[in-house]
Amino acid sequence: MLHTVSAFDRIGEENAFAVLARATALANSGRDIINLGIGQPDFRTPEHIVEAAIKALRDGHHGYTPANGLIATREAVVRRTLATTGIEVSPESVMILPGGKPTMYAAILMFGEPGAEILYPDPGFPIYRSMIEFTGATPVPVPVREENGFAFSAEETLSLITPKTRLLILNSPANPTGGVTPRAEIEKLVKGLADHPDVAIMSDEIYDVMTYDGEAHCSLLTFPEIRDRLIVLNGWSKTWAMTGWRMGWSIWPEVLMDKIRKLAVNCWSCVNAPSQFAGIAAIDGPQDDVETMMRAFDRRRKVVVEGLNTLPGVSCATPKGAFYAFPNISQTGWKAKKLASALLEEAGVALIGGPDFGILGEGYVRLSYANSEENIVRALERVDGFLRSQS
Ligand code: PLP
């Protein structure tokens, strides 16, 4: 009998990976499956970025880099941060990590322990809660509601802070809802946080460029009053279609840098060198591919929302960010996870049940529109046929 520690019995996962595995198995058995389940762009990494990695390998960059990342990569992040937020951060506060997820892991590990409370968005990215539970801290869901455009409410968030609260996790533009929290609400929140100086904030801004209809992303970095307790998560995965490169960045209060650097030394040493060179090319190179991708996402977003709103029992608010739609399916008579599973098995459409993103996810499903317009239309026809055949 092996005796693993109890933390590993509390760790959760991202059901999107299980759905992807099932969808792939069905496709391999000859079924025609349309995948609207997985949260990754269906675009290739732009060619000049791939070339930069190949060049780095040819130039002999095969070894370890500093644990916090190459200075050139961190300086590129500084330039990018200045361009998108107007804020100049020090390269000493930038950490290059193997993806966006390791920032969550590090931040939650740094503040989570039994007796501590960590606030996180619900519905939200499932790894937040999973990692909080892993540390033994108490997860405290902050509701984000459809009637509020899936933005978080400053008042409700502040009302959930107790003397035990150590960390507040924010995410805008958001997965799975596509919600974008407006600047005015974030201003209110930051003002209120002045009464809670011991609460750290982790702002997940990995979808920062992905906003629509002129909606502006508001970075928490633009509030200097919380800078000494703010961790900003960002990365290359979504913006430059680089999910498989496993590289992200985060910006930390300088007092925490030594802790996160040591964690890196203990866990992963550094991010592979060619990816870090590719990351510089992504930031400094032409952005036309990003713009083309965003135009495609915007077109598909409209197709998805329009299509969803014609389905029986389904209504979908127009998402303002990311590449997800989060339709309300409560009038279909289906439980969300049962519907997601039936759609995959019987209609060949993969999507994710809302409860995989939290308690408040019941009554919703998540569709990723990182798929071609043609496939989106076919998928919606199949869902329509399925729902009508059941009523
Ligand atoms: N944060 C959010 C909100 C996400 O949706 C994702 C990926 O789906 C990540 C972070 C993780 O990104 P990465 O693939 O870089 O680890």
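Me: How is the chain divided into domains?

Reply: In this predicted model, the chain is divided into domain 1, made of residues 7–44 + 288–390, and domain 2, made of residues 63–284. Their centres, taken over C-alpha atoms, are separated by 25 Å.

Me: And how many residues does the contact take from domain 1 and from domain 2?

Reply: The contact takes 36 residues from domain 1 and 35 residues from domain 2. On the side of domain 1 that touches domain 2, the elements giving two or more residues are α1 (7–10), α11 (288–308) and β9 (324–325), and α11 gives the most, with 6 residues. By class, that side of domain 1 has 18 nonpolar, 9 polar and 9 charged residues.

Me: Switching topic, which residues come nearest to the ligand?

Reply: There are 13 residues around the ligand, and of these Gly99, Gly100, Lys101, Asn175 and Ser237 come nearest. The shell has 2 nonpolar, 9 polar and 2 charged residues.

Me: Where do the cis peptide bonds sit, starting with the one that joins Asn175 and Pro176?

Reply: The cis peptide bond between Asn175 and Pro176 has an omega of about 10°, and Pro176 lies in the loop between β5 and α8. Another cis peptide bond joins Ser172 and Pro173, with omega about -10°, and Pro173 is placed in the loop between β5 (165–171) and α8 (183–193).

Me: What about phi at Phe150?

Reply: Phe150 is not a glycine, yet its phi is positive, at about 60°. Phe150 is found in the loop between β4 (138–143) and α7 (154–159). Most residues other than glycine have a negative phi.

Me: Is Phe150 buried or exposed?

Reply: Phe150 counts as buried because 26 other C-beta atoms lie within 10 Å, where the cut-off is 20 or more.

Me: And Ser269, what is its phi?

Reply: Ser269, also not a glycine, has a positive phi of about 65°, and it lies in the loop between α9 (257–267) and α10. With 13 other C-beta atoms within 10 Å, Ser269 is partly exposed.

Me: How many residues of α10 are buried?

Reply: Helix α10 is mostly covered, since 11 of its 12 residues are buried, including Phe277, Ile280 and Ile283. What covers those buried residues includes α3 (47–58), α4 (71–85) and β2 (94–97). As for its span, α10 (residues 273–284) reaches 17 Å from its first C-alpha to its last, close to the 16 Å expected at 1.5 Å a residue.

Definitions and conventions:
Residues numbered from 1 in each chain as written. Predicted model: local features only at pLDDT ≥ 70, side-chain atom pairs only at ≥ 80, totals over all residues. Helix = DSSP H or I, 4+ residues; strand = E, 2+ residues; numbered from the N terminus. Expected span 1.5 Å × (residues − 1). Contact = placed C-beta atoms within 7 Å. Near = placed C-beta within 6 Å. Nonpolar A, V, L, I, M, F, W, Y, C, P; charged D, E, K, R; others polar. Domains from an automatic or database assignment.
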